[in-house]
Amino acid sequence: MARLNKNLQNHTSLAIVYFVLAAGLGCVLRFFRVFEIPVTYKFIVHAHSHVALLGWVYLALTTLLYKLYLSKVEVHKKYRNIFWFTQLTIVGMLLTFPFQGYAVFSIIFSTLFLFASYWFAWFFFKNVPAEYKQKHSLKCAKVAIVYLLLSSLGPWALGAIMNTLGATSIWYRLAIYFYLHFIYNGWMIMALVAVFLYILDKQNILLSEKGFKAFFLKLNLGIIFSFFLSTLFTQPAVFYYILGGVGAFSQLWAFYDLFKFMRIEWTPIKRQFSIFFINTIKTIGVLWGLKMLLQLLSSIPYFANMATTYLDFTVGYLHLTFLGVVTISLFLFLDYFKLLILNKKLFLVYVFGFVFTELLIFFKAIVAWQSATLFSEYYFILAVASLLILVAVLGLLIHNYRLKATLK
């Protein structure tokens, strides 16, 4: 077991390495508006997004799921093959996207990653011990993986769309949005909910069977129907706005159910968890609630058109989800299971960098919306603020490396 924990800690460190690389590429994109940098901006965008989503988040989540549900099973040697094959695909994308964008080799490695995710899904479903079968958290984890598989229909569709309708077709964008929606709102959010319910379960803080079924149904209906919010850039019939609104409202309702449950159980929660854990959960709750309020707002035609016209609103929303809800949750949960030793000062630097950049991104969107003019130092300040995230994540990596070296 000690050897397994060490391996999973190493997997976590590698996930942080990917985050450092993604943050570094993000800084290149920010400074692109400040200095002349001899790179193709679009190619760096592709590399940044793929390494962030498939390197940092995917590896961190699969490591957590393995830790929670497969630690007691003797399948570690079999998993090693899946793990290293996955790393091959991620490194392949890292080495190809910055130099060629979507081209032969980057597409090959992206496609191989899809097969790696299918392999992990099969491995997970096959090997989860029977003792977890009725656990609420496992039901969420399984659905999260189903959403991961469902999201892959987007990339598969892109090839056919490119060869028939071309990259200017609305179906090309819809395929990308389908992938992103079910990766963000399906795979990532549901997997994090699974980890959180697992933690509560270990402290005998449980949703009733009836309460869980209602929460689970609302959240999943919300995830499915809120996809229609991603179609509103086509300005479809009112029916699609209604479907998207129903999805956003259903997610918000599920969030309220979880919030209400935690209020009822607040005394045992305060007794069982540290102040840092509780304050961070509150922060995540605020960010998650804000995310879902923005979703609901975007089901209104005026705001849907605004998000389509002024893309910084969309960029800010995606970063709110990825750098806020998802990444802060991952930091907290990896620290809780001792897969990462979270330095509190560096964590606060990260949170400050995230909040600062979010404010600047939404500020730019509002300025464009109001047809105003940005102040001249805007892009430089945004680039420097982005460096805070890179410094914090790199600091976390070095901090953990030094701790491991001390313990040897």
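## Core packing and aromatic contacts in a predicted model

The structure holds zero disulfides, a disulfide being a pair of cysteine sulfur atoms within 2.5 Å. This is a predicted model, in which local features need pLDDT of at least 70 and side-chain atom pairs count only at pLDDT 80 or more, while totals for chains, interfaces and linings use all residues. Residues are numbered from 1 along each chain as its sequence is written, and side-chain values use heavy atoms, with hydrogens and water left out.

Helices are DSSP runs (H or I, at least four residues), numbered from the N terminus, as are strands (E, at least two). Helix α3 (residues 76–100) comprises 25 residues and spans 36 Å from its first C-alpha to its last, close to the expected 36 Å; the expected span is 1.5 Å times one less than the number of residues. After α3 comes G101, with a positive phi near 60°.

Beyond its neighbours within four places in sequence, Y350 is in contact (heavy atoms within 4.5 Å) with F19, L323, T327, I328, F331, I389, A392 and V393.

There are 52 aromatic pairs in the structure. Rings of Phe, Tyr and Trp (its six-membered ring) pair if their centres lie within 6.5 Å; planes under 30 degrees apart count as stacked, over 60 as edge-to-face and the rest as tilted. Two edge-to-face pairs are tabulated here.

| Pair | Centre distance | Plane angle |
|---|---|---|
| Y58 and F120 | 6.4 Å | 70° |
| F313 and W369 | 6.4 Å | 70° |

Y58 in helix α2 (residues 41–69) and F120 in helix α4 (residues 104–127) are 62 residues apart, and both are buried. F313 in helix α13 (residues 311–336) and W369 in helix α14 (residues 344–369) are 56 residues apart. F313 is buried at 14% relative accessible area, whereas W369 is partly exposed at 30%.

Charges also sit over rings (NZ of Lys or CZ of Arg within 6 Å of the ring centre and within 35 degrees of the ring normal). The charged end of R173 is placed over the ring of F233, 4.0 Å from its centre, and K344 lies over the face of F276, 4.7 Å from the ring centre.

Note on methods. Buried means under 20% relative accessible area, exposed over 50%, partly exposed in between (1.4 Å probe, protein chains only).
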